[in-house]
Amino acid sequence: MKTLSEMKVVVVGLGQIGGSLAKVFYKKKIFSEIIGVDKDLKTIEKAKRLKIIHQGTTNLKLAIPQADLVVLAV
């Protein structure tokens, strides 16, 4: 079984709740990678610029298979 620090997390929804969770995950290095999913590409770009996520996509079908854990924040 993987430890949290070895896992990839997908955060679906980068608004106030999802963005806040992703920010804590990133800052505290809780997961090896944080992948953000949002319907707005500008939100994804901003999250990457602010170092809230490592990578992002608008396509949920691309993100989910990479995940060890999925957080729904929609």
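**Around a charged pair**

Modeller: Let's start with K8, which is partly exposed, with a relative accessible area of 28%. Keep in mind that this is a predicted model.

What does K8 meet in a salt bridge? Its side chain meets that of E33, with N and O 3.4 Å apart. K8 sits in strand β1 and E33 in strand β2, so this pair links distant parts of the chain, 25 residues apart. In general, side chains of opposite charge can pair when their charged atoms come close.

Now for the other partner. Is E33 buried or exposed? E33 is buried, because its relative accessible area is 16%, and the cut-off for buried is under 20%. Who else is around E33? Setting aside its neighbours within four places in sequence, E33 is in contact with M7, K8, V9, H54 and Q55. With one of these, Q55, the side chain of E33 also makes a polar contact of 2.2 Å.

β1 and β2 pair in the parallel sense, over five bridges. To see one of them for yourself, find V10: its bridge partner in β2 is I35. Four of the five residues of β1 are buried, so this strand is largely enclosed by the rest of the structure. As a general point, in a regular strand the side chains alternate between the two faces of the sheet.

So what packs against these strands? Look at helix α1: its buried residues pack against β1 (8–12), β2 (33–37) and β4 (69–72). Those buried residues are G18, G19, A22 and F25. They cover an arc of only 125° around the axis, which puts them on the same side of α1. Turn to the face pointing away from that buried side and you'll find the exposed residues Q16, I17 and K27.

α1 runs over residues 16–27, twelve residues, and at 1.5 Å a residue it should span 16 Å; the end C-alpha atoms are 16 Å apart, which agrees. Just after α1 comes K29, with a positive phi of about 55°. You'll meet a positive phi again at K51, near 60°, following α2. At the start of that helix (residues 41–49), a side-chain oxygen of D40 reaches to within 3.0 Å of the backbone nitrogen of K42.

Back to charges, to finish the picture. How many salt bridges does a search of the whole structure find? It finds two. Besides K8 with E33, there's K2 with D68, where the closest N and O atoms are 3.2 Å apart. K2 lies in the segment before β1 and D68 in the loop between α3 (60–63) and β4, so this pair ties together parts that are 66 residues apart in sequence. In the pair we began with, K8 is partly exposed, whereas E33 is buried.

How values were computed
Residues are numbered from 1 along each chain as its sequence is written. This is a predicted model: local features need pLDDT of at least 70, side-chain atom pairs count only at pLDDT 80 or more; totals for chains, interfaces and linings use all residues. Side-chain values use heavy atoms; hydrogens and water are left out. Helices (H or I, at least four residues) and strands (E, at least two) are DSSP runs, numbered from the N terminus. The expected span of a helix is 1.5 Å times one less than its number of residues. Buried means under 20% relative accessible area, exposed over 50%, partly exposed in between (1.4 Å probe, protein chains only). The arc is that of the directions from the helix axis to the C-beta atoms. Contact means heavy atoms within 4.5 Å. A salt bridge is a side-chain nitrogen of Lys or Arg within 4 Å of a carboxyl oxygen of Asp or Glu. A polar contact is a pair of N or O atoms within 3.5 Å; within protein, one must be able to donate a hydrogen and the other to accept it, and residues adjacent in sequence count only if both atoms are side-chain atoms. Two strands pair if DSSP finds at least two bridges between them.
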